[in-house]
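Please examine the sequence and the structure shown here before reading on.

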Amino acid sequence: MARAFIQPSALPGLKLSAAITFAMLGIVVLIPIGALLARGISAGPEAIWQMIGRERVQAALWLSFRLSLLAALFNLIFGTLLAWVLVRYEFPGRKILDAAVDLPFALPTAVAGIALTALYAPNGAFGRMAAAFGVKIAYTQWGILLALIFVGLPFVTRTVQPVIAEIPREEEEVSATLGAGRLHTLRRVVLPALMPAALTGFALALARAVGEYGSVIFIAANIPLRTEIAPLLIVIQLEEFNYDGAAAIGLAMLAISFGMLLVINLLQIRSRRRIGDV
C-alpha cells in the first residue's frame, strides 16, 4: 500500500494549511535559490570559476566565513554562559539585562553599525581606551568581528535559555551527592542536555553573521583584500551591472554555507543520539 505524501490529521484544514505552507516555502526560499542557480547555469561553470578564482573574491569569502565562524564560536560559549546566568541566578537588574539581549533583534542593522562605530572609532569612548593600549578596533577586522558578535549573540542565548530552564536542578544535586565534581557534572549532566539547542543557536548565529551587511559596512573600512566582506562585494557587482559576477559569489556563499550547516546538523543528530542512549 502506497504511503500518503502528507499523513492525515484529526485537525481540519490539513490540505489548505499544507498548500499555504508549501506555497510560502516556494516563494520565500525555493524560487530565489532556484533563480540564483539558474543564473549560474546560464553563465556557465567556466565563468563562475573564473569569477570565484579572483583574488579579491577569495579574500572577501575567506574574511566573511572566517570571522563569521569565530563570532559564532564566541557566541556559542558566552551566549550559553549568559543564558545560564539569566536563568539560574537572581540579581538586581537581571530583567533589564534579559531585555537587553533582544536589542540586536530590534535595532536596524544600520543603526547598530553606526552605534558601534561611534563607540569604537579612534575618537570614540571605547576606541580611545583601546588606542591607549595600541589597539585599533573600528575600521579593522576586529571591528567586523565585534559587529558579527553583536548581531549573533541573541540567537544562542534565546535558543539555549528555555532548555536551561527545563533542566531540573535535582540532577545536578544528585550528581554532587554521588561525589561528582563540578566539572564532571558540567560535562556529563549539563552539556549533553544543552548541546542540541546550543548547536542550533550556533547555526543561527553563523547564518546571520555570514549574510550580515548593514552593521558591518559602517565599522569596516571596506578595503579590498583586507576588510571587504562578501555581501558588500555582491552589492558592488550589482551596482556595476555584473549580474553574473554577483551570482557567482552568491553561489559560492550558498555552497559553503550549505556545507557548514550540514556538518552542524550531523553534529546535532549525533548529540541527540547520545542523549537517547543515556
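## Overall architecture

Helices (H or I, at least four residues) and strands (E, at least two) are DSSP runs, numbered from the N terminus. The protein has 13 helices and 0 strands, and along the sequence its pattern reads α-α-α-α-α-α-α-α-α-α-α-α-α.

The model is a predicted one, in which local features need pLDDT of at least 70 and side-chain atom pairs count only at pLDDT 80 or more, while totals for chains, interfaces and linings use all residues. Residues are numbered from 1 along each chain as its sequence is written, and side-chain values use heavy atoms, with hydrogens and water left out.

## Surface and contacts

Of the 278 residues of the protein, 36% count as buried (under 20% relative accessible area; exposed is over 50% and partly exposed lies in between, with a 1.4 Å probe and protein chains only). The protein exposes about 16,800 Å², of which carbon and sulfur atoms supply 69%; accessible areas come from the Shrake-Rupley method with a 1.4 Å probe.

Contact means heavy atoms within 4.5 Å. Among contacts between residues at least 6 apart in sequence, 73% join residues at least 24 apart.

## Helix α6 and its partners

Two packed helices are described by the angle between their axes and the distance between the axes. Axes are lines fitted to C-alpha atoms, for helices over the stretch in contact, and angles run from 0 to 180 degrees between N-to-C directions. The axes of α6 (residues 109-120) and α8 (residues 141-166) come within 11 Å and cross at roughly 130°. The two helices are therefore oblique to each other (angles under 35 degrees count as roughly parallel, over 145 as roughly antiparallel, 65 to 115 as roughly perpendicular and the rest as oblique). In this pair, A112, L116 and Y120 of α6 meet L146, A147 and F150 of α8. The residues of this contact comprise 6 nonpolar, no polar and no charged (Ala, Val, Leu, Ile, Met, Phe, Trp, Tyr, Cys and Pro count as nonpolar, Asp, Glu, Lys and Arg as charged, and the others, Gly among them, as polar).

With α7 (residues 125-132), the axis of α6 comes within 4 Å and crosses at roughly 40°. The contact involves A118, L119 and Y120 of α6 together with A125, F126 and G127 of α7.

## The loop residue K136

K136 lies in the loop between α7 and α8. At 46% relative accessibility, K136 counts as partly exposed. Not counting residues up to four places away in sequence, K136 touches P122 and W142.
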